[in-house]
Amino acid sequence: MLRRPLALMFCLILAVFVSACGDDDSGSSDSDSSDKGSSSKSDSDIDTPAPLEAGGDLVVCTDVPYPPAEYQEGTEFKGYEVEMLESVAERMGVTAEFQKTGFDGIIGALQAKKCDAIVSSMNITSEREEQVAFVPYMTIGQAVAVTPDAEGSINALEDLAGKTVAVQVGTTLKALIEKENANLDEPIKVQSFPDAGAAAAALQTGKVDAFFADAPVVADYVNKQPDNFAIGGTQIDELPAGIALRKEDSELQDAVQEVIDAMYEDGSLEKIFAKFNVDEFLLADDADEGDEAAEGDATS
Amino acid sequence: MTLPTLVAAFDTGTFWEALSPETAMGRALWATVYISVSAQVIGTIIGLFAALGAMSRFVALRALSGVYVWFFRGTPVIVQVFFWYLGASILFGFDLFPREIDLGFMTMSGAALAGITALSINEGAYMSEIIRAGIMSVPPGQTEAALSVGMTRGTAMRRVVLPQAARIIVPGLGNEFNNMLKTSSLLTFIGVYELFQDAQVRYSSNYQPVEVYFAVALWYLLLTTIWQLIQIQIERHLGRSDRAESESWATRIFGVGGPRRSWA
């Protein structure tokens, strides 16, 4: 998706010059096992794909905190994307191990083999598809939160004319608003925040009139703090989000796709998403197979 | 990845684009400059009063100054920034800063004003210690002499002690302002559009954080270099009674070309 906090950059630079970014046991899982992984049997649903080792780890890069998708309680990782990847790993006969990675450096970390997969509400865009392969699992659009007093009065972008809107740096919304402003007498003013929490607090304290973010994030704020936040209109600019994998790991791509398809079929993915109130963001039925859903030219 | 990979991946076109005045020079650069300058000026004034308080005859003033320095120097600036802009509103239920302030020649956002407030108050704590050190470096005989010719304590401080303390204060002040230029980047977290946020917005649409961060780093380097040149002039002015020969800028910045100043 679209957030790019800054911790990442330093991480990326570090990853470039040094060899490790984050915990140092990350790179080990894929180094010496690439040729034997596919043949080992386990009690799981499918064969463990290369480059993983049966009983080993699937190292997953994720940018926490990004509730409700992924966040930490103590050192434990939680969230619907975390639970999804734990199930995926389990069905492949391995254990998911999560590694906190800044969003900006996260594709670099995957390519540098700091991890085997990325799950971080990452929208599938053509730019990213040049660098990594995706297995889509949900659709993420962007939605607007308003104060409960303003509920009902703001249902579309043009209702925000003359008002100030908090957006997260890096979302497509700023461009969207600038386009909308061309048609409005009074422009929508934008205040950018690197972090969704500060943007939400700005709405809560009346610094801005609305707060734009990824729809699941907005839904989470509204669910958890109905006194402070209400939803303003439906989500816009929807794009599929995917689990990112290295392009050369075709066996792993097929295995993950197979598991996600199976989880859609047996309802286990819906169960996980429903637990976090985000089941509305699952892929529509006809997109289940995934590959055709991966088209996207927006730059989120 | 190795160093050659990095160099190959480094898109010089993007780098120059982000560096060019048309793209970064505008609002963002101006915001960084006016926020840093205002925060440093206000912080220095606060610091002067805090330093005088710390050396006061009255125990209450000494305690007040001590608690101020202790608290604001001992807590993270980013927390203070969040507090003034967001935390205070949540705690007290009212806004300390309006959304926009019309200054006639420009409109300042409430976030920028909250940021200047936070940075000034934080800076005051550091400046207080620097100014106190400067004042203490002036021999007590100077004050005694001033009092003996009939000056009041206030006049003696203003006319005799502070001008001499300034020579000690300015290098520390220069250091602080250099820091301030860069610390102002923290205001991106409360939604102030300044140099650093400009970089964040830029790389989030072109996916080239390395180039953009290098460019923004050079902008900060340019600002700190300009300040360094100004500081040299100030120090030269203050030190004119002590130093017969003046050194070139190259000598002052890079330590080359002038007389050796090592101890050995």
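Student: What should I know before I start picking atoms?

Tutor: This is a predicted model, so local features need pLDDT of at least 70 and side-chain atom pairs count only at pLDDT 80 or more, while totals for chains, interfaces and linings use all residues. Residues are numbered from 1 along each chain as its sequence is written, chains are lettered from A and ligands numbered from 1 in the order in which they are written, and side-chain values use heavy atoms, with hydrogens and water left out.

Student: OK, cores. How many residues are in the largest nonpolar core?

Tutor: The largest nonpolar core has 105 residues. A core here is a set of buried Ala, Val, Leu, Ile, Met, Phe, Trp, Tyr and Cys residues joined through side-chain atoms within 4.5 Å. Buried means under 20% relative accessible area, exposed means over 50%, and partly exposed is in between, with a 1.4 Å probe and protein chains only.

Student: Which residues have the most contacts inside that core?

Tutor: Those are M84(A), M92(A), I243(A) and F273(A). The largest share of this core, though, is eight residues from helix α7 (residues 110-136) of chain B. Helices (H or I, at least four residues) and strands (E, at least two) are DSSP runs, numbered from the N terminus.

Student: Switching to chain B, what's its make-up in helices and strands?

Tutor: Chain B has twelve helices and two strands. Along the sequence the pattern reads α-α-α-α-α-α-β-β-α-α-α-α-α-α. Of its 264 residues, 42% are buried. Take the contacts in chain B with a separation of 6 or more: 69% are between residues 24 or more positions apart.

Student: How much accessible surface does chain B have?

Tutor: About 14100 Å², with 67% belonging to carbon and sulfur atoms. Accessible areas come from the Shrake-Rupley method with a 1.4 Å probe, and for residues only the protein chains shown count as cover.

Student: Where's the nonpolar surface patch?

Tutor: V37(B), V41(B), I42(B), I45(B) and F49(B) make one of about 450 Å². Patches use residues with over 30% relative accessible area and no salt bridge, joining nonpolar side chains (Val, Leu, Ile, Met, Phe, Trp, Tyr) within 5 Å and like charges within 9 Å. I42(B) lies in helix α4 (residues 27-54) of chain B and counts as partly exposed because its relative accessibility is 39%.

Student: How many salt bridges are there over all chains?

Tutor: Nine. The rule is a side-chain nitrogen of Lys or Arg within 4 Å of a carboxyl oxygen of Asp or Glu. One joins D220(A) and K224(A), with the closest N and O atoms 3.1 Å apart. Both lie in helix α7 (residues 215-224) of chain A, four residues apart, about one turn of the helix.

Student: Are D220(A) and K224(A) buried or exposed?

Tutor: D220(A) is buried, at 10% relative accessible area, whereas K224(A) is exposed at 55%.

Student: Which residues form a network of salt bridges?

Tutor: D116(A), R246(A) and D249(A). The R246(A) and D249(A) side chains meet at 3.2 Å, N to O, and both of these residues are buried.

Note on methods: Contact means heavy atoms within 4.5 Å.
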